[in-house]
Amino acid sequence: MLQERVRAVLAAVKTNAGRLSDELGRSHNYVHGILDGKNQNPDDSFFEYLHIRYNVNIEWLRYGVGEMFGSDGMKNDYPAAMLVKKISALSPQHKVLMTEVVEALYLKEEAERKTEQSKPE
């Protein structure tokens, strides 16, 4: 059941329902409701946050299929999770703008890496 898998994740990443609720920007009742079985259908942002922050396998979390963590194991990427959380809260127009900015930065750094790699030693 979902609540058992969420409990297992909380134990594995050494956090608790209150702290996770705070990180999600939700009331403490949000994660407690999942653990108590009152909230059997959390929204997608709950699953996405755990995936981005800790590399939790979403299929495992939702349905019990596969392993708890992705193939490269547990991670703890708080900055990435917070960034995605903030971008998710933006208006559709600002989400598009953020996507364009991030893509431009990524392409710039990728080009710089290629230039650096092609320099003779």
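Figure 1. Helices here are DSSP runs of H or I with at least four residues, strands are runs of E with at least two, and both are numbered from the N terminus. From the N terminus on, the order of elements reads α-α-α-α-α-α-α. The radius of gyration is 18 Å, well over the 14 Å that the globule rule gives for 121 residues, so the protein is more spread out than a compact globule. That radius is taken over C-alpha atoms, and the globule rule is 2.2 Å times the number of residues to the power 0.38. Along its principal axes, the C-alpha trace spans about 60 × 35 × 20 Å. This is a predicted model, in which local features need pLDDT of at least 70 and side-chain atom pairs count only at pLDDT 80 or more, while totals for chains, interfaces and linings use all residues. Residues are numbered from 1 along each chain as its sequence is written, and side-chain values use heavy atoms, with hydrogens and water left out.

**Figure 2. Surface and contacts of the whole protein.** The accessible surface comes to about 8,100 Å², and 55% of it belongs to carbon and sulfur atoms. Accessible areas come from the Shrake-Rupley method with a 1.4 Å probe; for residues, only the protein chains shown count as cover. Of the 121 residues, 30% count as buried, where buried means under 20% relative accessible area, exposed means over 50%, and partly exposed lies in between (1.4 Å probe, protein chains only). Among contacts with a separation of 6 or more, 46% come from residues 24 or more positions apart; a contact means heavy atoms within 4.5 Å.

**Figure 3. Helix α3 (residues 28-35) and its cover.** Look here for the buried residues of α3: Tyr 30, Val 31, Gly 33, Ile 34 and Leu 35. Their cover includes α1 (2-12), α2 (17-24) and α4 (44-54). Just after α3 comes Gly 37, with a positive phi of about 85°.

**Figure 4. The contact of α1 with α3.** These two helices pack at an angle of about 120°, with their axes 7 Å apart. Axes are lines fitted to C-alpha atoms, for helices over the stretch in contact, and angles run from 0 to 180 degrees between N-to-C directions. α1 and α3 are therefore oblique to each other: angles under 35 degrees count as roughly parallel, over 145 as roughly antiparallel, 65 to 115 as roughly perpendicular and the rest as oblique. On the α1 side, Leu 2, Gln 3, Val 6, Arg 7 and Leu 10 meet Val 31, Ile 34 and Leu 35 of α3. By class, the contact of α1 with α3 holds six nonpolar residues, one polar and one charged. Ala, Val, Leu, Ile, Met, Phe, Trp, Tyr, Cys and Pro count as nonpolar, Asp, Glu, Lys and Arg as charged, and the others, Gly among them, as polar.

Figure 5. α2 is mostly covered, with six of its eight residues buried: Ala 17, Gly 18, Leu 20, Ser 21, Glu 23 and Leu 24. What covers them includes α1, α3, α4 and α6. α2 and α4 pack at an angle of about 100°, and their axes are 11 Å apart. That makes α2 roughly perpendicular to α4. In this contact, α2 brings Leu 20, Glu 23 and Leu 24, and α4 brings Ser 45, Phe 46, Tyr 49, Leu 50, Arg 53 and Tyr 54. The contact of α2 with α4 has six nonpolar, one polar and two charged residues.

**Figure 6. Val 13 and Lys 14, in the loop between α1 and α2.** Val 13 counts as buried at 11% relative accessibility, whereas Lys 14 counts as exposed at 70%. Leaving out residues up to four places away in sequence, Val 13 touches Tyr 54, Phe 69 and Met 74. Leu 105 lies 92 residues from Val 13 in sequence and 31 Å from it in space, C-alpha to C-alpha. Lys 14 has a phi near 55°, a positive value in a residue other than glycine.

**Figure 7. Asn 55 and Gly 66, on either side of α5 (58-63).** Asn 55 sits in the loop between α4 and α5. Its phi is near 65°, a positive value in a residue other than glycine, and Asn 55 is buried, with a relative accessible area of 10%. Gly 66 belongs to the loop between α5 and α6 (78-88) and counts as exposed at 52% relative accessibility. Setting aside neighbours within four places in sequence, Gly 66 is in contact with Asn 57 and Trp 60.
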